[in-house]
Amino acid sequence: MPELPEVETIRRTLSPHITGRAVHRVEISDPRAVGRPEAAEFVPQLTGRTFLPPGRRGKYLLLPLENKMTLVAHLRMTGRLFYREADTAPEKHTRVTIYLDNGHALFFHDQRRFGRLYLLPDSELSGWPPLQKLGPEPLAQEFSVQYWQEMLTRHGRCRIKPLLLDQSCLAGLGNIYADEALHLAGIHPARCAGTLTPAEAAALRRAIRQVIQEGIAAGGTTFRDYRDGQGRPGGYATRLRVYRRENLPCSTCGHPIERRRIAGRSAHYCPTCQPEK
């Protein structure tokens, strides 16, 4: 699933191309790709509207329109949203095509069909449950030392890896950057949040911010599906320390990376650099 760096990269790469562009027409080849409103209402409500500069909240891409509505894209597992010439032959798994007034189009492609597009009035956006429940952004001021320490204390019995994946605690992290941050901070993914010392909590906070910044700078992480807003893969996979590197040597100490299930999710870690206390 695209995480914060991937969605932020899509936002940045789409912005100069769609800002100020009007929607000429919309084609929906798979109505299941539209979460709200019904596909029959989605098309006329979007047609003729002009895109404003895109935004993002957590893993949600926000494409505001001049009619005080916002097109929200949640890419889930395999969703892509990219800008190309309108006469480009659609790929097999293209679900929605948004034709623009400059001969180009936005293509929503999703092989596994979990992604969704939502068209919401701005008056409802902040109170929309999927956005309302999100915690602070890793790079935002709200993700303060005090907030982080209080969160770890409040969820003291929770394992730290699944806590990092809880979007109500911290918005945008997924498996990739959670594993990378834990390795960088030297914290075992099965540690209970309440066992982290203040120094460890501070180190993990710094590591989270660092790997997010690294991921954005590299244009995200691509293994198979993810592409940016122009269809280009991200470059962070070559810099990963532990994620998907099971049995390969740790770049810090040389010990083989291990993988285990924690609360139903995989975690990659180095048992030497991240001892289980």
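This is a predicted model: local features need pLDDT of at least 70, side-chain atom pairs count only at pLDDT 80 or more; totals for chains, interfaces and linings use all residues.
Student: Which strands form the open sheet, and in what order?
Tutor: Four strands form the open sheet, and they follow one another in the order β1-β7-β8-β6, with antiparallel pairing.

Student: And which strands stand at the edges?
Tutor: The edges are taken by β1, residues 23-28, and β6, residues 79-85; each has a single partner strand, so one side of each is left without a neighbour in the sheet.

Student: By how much are neighbouring strands turned against each other?
Tutor: On average they are turned by 15°, with direction ignored.

Student: How many bridges join β6 to β8?
Tutor: There are seven bridges between β6 and β8, the latter spanning residues 104-110, and the two strands run antiparallel. Within this pairing, Tyr83 has Leu106 of β8 as its bridge partner.

Student: What packs on the sheet?
Tutor: Helix α1, residues 4-18, packs on the sheet and touches β6, β7 and β8, while its direction makes about 30° with that of β6. Helix α2, residues 39-46, packs on the sheet as well, touching β1 and β7, and its direction makes about 165° with that of β1.

Student: New topic: how much space lies in the largest pocket?
Tutor: The largest pocket holds about 540 Å³ of space.

Student: Which residues lie nearest its centre?
Tutor: Of the 23 residues that line the largest pocket, Met1, Pro2, Met77, Tyr243 and Arg244 lie nearest its centre.

Student: How does that lining divide into nonpolar, polar and charged?
Tutor: The lining of the largest pocket has nine nonpolar residues, six polar ones and eight charged ones.

Technical notes:
Residues are numbered from 1 along each chain as its sequence is written. Side-chain values use heavy atoms; hydrogens and water are left out. On a 1 Å grid over the protein atoms alone, a cavity is a set of points where a 1.4 Å probe fits but cannot get out, and a pocket is an open set with protein on both sides within 12 Å along at least five of seven lines; lining residues have an atom within 4 Å of a point. Grid points are joined across faces, edges and corners, and a volume is the space filled by probe spheres set on the points. Ala, Val, Leu, Ile, Met, Phe, Trp, Tyr, Cys and Pro count as nonpolar, Asp, Glu, Lys and Arg as charged, and the others, Gly among them, as polar. Two strands pair if DSSP finds at least two bridges between them. Axes are lines fitted to C-alpha atoms, for helices over the stretch in contact, and angles run from 0 to 180 degrees between N-to-C directions. Contact means heavy atoms within 4.5 Å.
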